[in-house]
Amino acid sequence: MPVTAVFPTVPQKAGMYESFYLRAVSPQEPVGVWLRYTVHKRPEREATGSLWCTVFDARRGRPFMYKLTSERLNAPTEGWIAIGAARLGPDRAEGECGGASWSLGWRSSEPELRHLPSAWMYRARLPRTKLSSPAPDATFRGTVELPDGRTLQVEDWRGMVGHNWGAEHAERWVWLHGVGFAQEKDAWLDVALGRIKVAGRMTPWVANGAIRLAGKRYRVGGLGRRGLRVKESAEGCELQVPGAKGLSIDARVEIPGESAAGWRYADPDGGEHEVLNCSVAKLELDVRLPGEQQPRRLTSAHGGAYELGMRAGERHGVPIAPFADG
């Protein structure tokens with residue numbers, strides 16, 4: 001299905017959020033960017049747009065972070081979303097906020113990854129969060145300029161382009177993306193895990209996503225899949241994610257000291273989450289493919305993106321950027 005913005009079709013009485021985003025990481029250094037073009041709409045109100053810019057450099061500690069909100073929001077004829085003069089579409093991202101600016105193009109031979117396993121889930125009221133990766137593996141070129149005078153020359157940085165939308169964030173979630181593996185340069189991982197609250201109780205974790213390895217894409221996770229294990233924290237995580245026909249992934253993520261970004265995410269109903277993200281994380285995978293007895297070891301020194309979402313107020317030690325959401 002073609003990738004399109006959802007917000008223009010949402011009724012005035014409804015609330016919703018939507019985000020188009022990208023991440024790109026240098027192949028040589030622990031430097032990466034995470035850019036988001038977001039929509040927030042409360043019930044009976046007009047939607048607003050926001051640009052979010054995060055630049056990571058594990059050698060420097062805390063990332064550069066800035067957010068700019070605007071009522072100049074639309075879905076252009078050519079492209080997915082425009083916020084003021086900033087635009088993002090199928091092969092390019094342009095924008096400026098907080099003294100930072102970027103002009104990035106990308107290419108990808110990978111088809112869109114729709115994390116949810118059935119098409120009807122994208123049309124139904126539940127789940128209340130929908131997500132996909134229009135480009136689960138992409139190669140970026142261009143520049144990112146920072147207010148301190150640095151210019152990042154982006155030449156063949158690996159990453160991805162994502163899209164999510166819905167009426168409510170999950171109660172707790174983990175998103176993990178990985179590229180830049182030493183053992184197989186074309187491999188990538190893109191998996192989202194979530195828990196929701198039903199009748200005041202937290203549901204078990206559910207994972208959905210895919211891994212590309214040995215020239216083939218494999219789906220991982222799925223509702224009711226046994227063997228899923230999650231141990232998450234502000235320092236990293238350990239995951240055991242099953243798939244079909246004996247596929248399994250053991251993942252270990254390590255965040256370099258003080259390199260995580262902390263953001264506020266607002267729900268349309270007025271609730272709020274705190275979100276930690278590090279897009280230059282160390283990632284190690286043990287992947288057992290169907291029909292293979294021994295797992296394959298994949299390691300990426302700083303090609304992992306790890307995001308942890310939780311209700312506001314939980315102690316985690318990561319400073320939250322001083323920008324409201326919603």
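**Cavities and pockets**

A: β2 gives the largest share of the lining of the largest cavity, 4 residues. This is a predicted model, in which local features need pLDDT of at least 70 and side-chain atom pairs count only at pLDDT 80 or more, while totals for chains, interfaces and linings use all residues. Residues are numbered from 1 along each chain as its sequence is written, and side-chain values use heavy atoms, with hydrogens and water left out.

Q: What counts as a cavity, and what as a pocket?
A: On a 1 Å grid over the protein atoms alone, a cavity is a set of points where a 1.4 Å probe fits but cannot get out; a pocket is an open set with protein on both sides within 12 Å along at least five of seven lines, and lining residues have an atom within 4 Å of a point.

Q: Which residues line the largest cavity?
A: Among them are Y17, R36, W52 and D325.

Q: What classes line the second largest cavity?
A: Its lining has 8 nonpolar, no polar and no charged residues (Ala, Val, Leu, Ile, Met, Phe, Trp, Tyr, Cys and Pro count as nonpolar, Asp, Glu, Lys and Arg as charged, and the others, Gly among them, as polar). L176 and V241 are among the residues there.

Q: Turning to pockets, how many residues line the largest pocket?
A: The lining has 44 residues, and P127, T129, A170, G194 and I196 lie nearest the centre of this pocket. By class, 25 are nonpolar, 9 polar and 10 charged.

Q: And which residues lie nearest the centre of the second largest pocket?
A: They are V6, M16, W165, G166 and A167, out of 14 lining residues.

Key
Helix = DSSP H or I, 4+ residues; strand = E, 2+ residues; numbered from the N terminus.
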